[in-house]
Amino acid sequence: MDVSGKKVLVFGTGISGIAAARLLVEKQAEVILFDGNPETDRDRVLENLGTAEHAALYTGQLPQEVKAGLNLAVLSPGVPVDLPLVEELRSAGIPIWGEIELAYRFGKGDVLAITGTNGKTTTTALLGEIMKQCSDHVKVVGNIGIPYTGVLSDMTDDTVTVAEISSFQLETIDAFRPKICAVLNITPDHLNRHHTMENYIAAKMNITKNQGPEDICVLNYEDETLRAQAGRIQAKIVWFSSLHTLPEGVYLDGDRIVYAAGGQVTEIIRTQELNILGRHNYENAMAASAMALSYGVPLEKLREALRAFQAVEHRIEYVTEKRGIRFYNDSKGTNPDAAIKGIQAMDRPTCLIGGGYDKDSSYTEWIRSFDGKVKLLVLIGQTREKIAREAESCGFTDYVFADSLQEAVDLCYEKAENGDAVLLSPACASWGMFPNYEVRGKMFKEMVHALKE
């Protein structure tokens with residue numbers, strides 16, 4: 001679509017919305033920037049936009065006369081697709097894209113895209129580092145925190161874009177078609193947004209909907225949902241597995257990650273050479289390896305990047321050791337399944353900080369995963385009573401409440417002993433207490449470093 005002279009609504013004034021609006025202004029569209037929150041700081045938004053004279057800004061309500069004549073609506077990921085305004089636009093026949101779709105329409109080069117409930121950020125960052133071993137034109141974008149629309153200006157046909165794509169972003173794609181994609185896993189999450197597990201699965205699998213037989217889709221063989229979905233995928237499927245030997249694909253063989261193809265099995269790397277902990281991270285490394293090898297990355301370049309890669313901030317991130325107690329920041333554990341991975345990575349008695357915003361999750365499997373490792377669970381936030389009830393129903397009673405993250409850190413430091421771990425892995429979103437999981441993780445690290453020895 002040529003957007004020049006077209007009337008385009010950008011719904012959302014966060015980093016994705018601002019980046020989309022800037023691109024549209026550059027492409028000479030008539031931009032209407034809208035935020036449904038009437039208390040939006042207009043001066044901040046216009047300052048961030050930097051081209052205020054070329055865009056109109058509305059907050060709270062969108063006037064009817066502004067809706068008239070719209071040619072396109074671009075939604076930020078945080079905007080639910082079932083809002084009344086969005087439904088109204090859809091009923092009027094107005095195309096509805098997300099920021100990812102908009103960027104894809106104007107982007108150049110190849111797109112390698114990653115989704116999944118857990119592991120997206122680590123896998124995306126790792127694949128980005130792998131691709132940088134082979135190309136000077138690599139962009140790492142998407143849910144990882146860098147708007148896709150913000151990096152288009154210097155793209156060429158040789159550019160490789162590595163994109164982390166969330167279910168929110170996949171709801172609003174149209175033509176988006178990655179050359180290689182990966183779906184790492186699908187477990188319950190964001191059901192307050194998607195309403196049903198079926199809707200959530202459908203959103204995730206949208207990443208494959210435009211792929212053809214010449215494209216590649218990397219899937220986790222250990223995920224039953226993905227095995228069930230495989231028959232609907234048109235792309236060539238490459239499996240990875242942490243528990244099974246595969247005739248073709250990437251799998252874990254003891255302490256070796258290997259690649260089976262054409263009747264030959266080649267060692268990629270040994271797990272002890274990696275700087276990331278836990279089976280879930282070996283799966284992330286396998287997914288990134290499968291994507292890279294499918295793209296034609298030489299094995300030595302792949303090994304070099306795997307050996308050099310360090311853990312992503314806020315994902316089972318080692319913070320420091322005090323009084324023989326090791327502190328880990330897993331603030332990115334924003335749902336029970338992700339937090340289970342945090343527990344599994346611990347190899348010592350653990351004081352665990354959990355709780356936060358309620359996304360309609362069940363915490364029973366998370367609590368069962370404690371498996372004798374968790375000596376104390378300190379609960380904070382909106383979900384603390386709900387988690388406590390589920391803990392008791394599982395027979396786990398070693399929990400206490402704290403009114404703040406600072407109080408939780410202090411309680412853990414008081415109760416932990418030499419040789420223990422303190423782990424922030426909340427199993428919940430941060431909203432209500434913190435703007436996002438990054439702020440929560442940074443504050444945790446600051447509090448830990450401030451503890452007196």
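The lining of the second largest pocket comprises two nonpolar, nine polar and nine charged residues, where Ala, Val, Leu, Ile, Met, Phe, Trp, Tyr, Cys and Pro count as nonpolar, Asp, Glu, Lys and Arg as charged, and the others, Gly among them, as polar. The structure is a predicted model, in which local features need pLDDT of at least 70 and side-chain atom pairs count only at pLDDT 80 or more, while totals for chains, interfaces and linings use all residues. Residues are numbered from 1 along each chain as its sequence is written, and side-chain values use heavy atoms, with hydrogens and water left out.

The second largest pocket holds about 370 Å³ of space. Of its 20 lining residues, T187, R279, E283, D337 and K341 lie nearest the centre. At least two lining residues come from each of α11 (279-295) and α13 (336-345); helices (H or I, at least four residues) and strands (E, at least two) are DSSP runs, numbered from the N terminus. Pockets and cavities were located on a 1 Å grid over the protein atoms alone: a cavity is a set of points where a 1.4 Å probe fits but cannot get out, and a pocket is an open set with protein on both sides within 12 Å along at least five of seven lines, with lining residues having an atom within 4 Å of a point. Grid points are joined across faces, edges and corners, and a volume is the space filled by probe spheres set on the points.

A search of the whole structure returned one cavity of 30 Å³ or more. The largest cavity contains about 40 Å³ of space, and its lining is formed by L75, S76, P77, G98, E99, I100, Q169 and T172. By class, three of these residues are nonpolar, four are polar and one is charged.

An open sheet of nine strands shows mixed pairing in the order β7-β8-β6-β9-β10-β11-β12-β13-β14, two strands being paired if DSSP finds at least two bridges between them. Because β7 (138-142) and β14 (264-270) at the edges each have a single partner strand, one side of each is left without a neighbour in the sheet. The twist averages 20° from one strand to the next; axes are lines fitted to C-alpha atoms, for helices over the stretch in contact, and angles run from 0 to 180 degrees between N-to-C directions.

Within this sheet, strand β9 (residues 180-183) is covered on both faces, with I180 and A182 buried on one side and C181 and V183 buried on the other. Buried denotes under 20% relative accessible area, exposed over 50%, and partly exposed in between (1.4 Å probe, protein chains only). Strand β6 (residues 110-115) pairs with β9 in the parallel sense over four bridges, and T115 stands opposite V183. On pairing with strand β10 (residues 216-220), β9 is again parallel, over four bridges, and V183 stands opposite L219. By contrast, strand β12 (residues 249-253) and strand β13 (residues 256-261) are antiparallel, with five bridges; here Y251 stands opposite V258.

An open sheet of six strands has the order β15-β16-β20-β17-β18-β19, also with mixed pairing. Its edge strands, β15 (317-322) and β19 (399-401), each pair on one side only. The strand-to-strand twist averages 20°. Five bridges join β15 to strand β16 (residues 325-329) in an antiparallel arrangement, in which E321 stands opposite R326. The hairpin of β15 and β16 has two residues between the strands, and R323 in this hairpin takes a positive phi near 55°. β17 and strand β18 (residues 374-379) are parallel over five bridges, with V374 as the bridge partner of T350.

Two loop residues were examined individually. K359 is placed in the loop between β17 (350-354) and α14 (364-368) and counts as buried because its relative accessibility is 3%. A polar atom of the K359 side chain lies 3.1 Å from the backbone oxygen of T334. S425 lies in the loop between β20 (421-424) and α17 (437-449) and, at 0% relative accessibility, is likewise buried. The side chain of S425 makes a polar contact with that of D330 at 2.6 Å; such a contact is a pair of N or O atoms within 3.5 Å, where within protein one must be able to donate a hydrogen and the other to accept it, and residues adjacent in sequence count only if both atoms are side-chain atoms.
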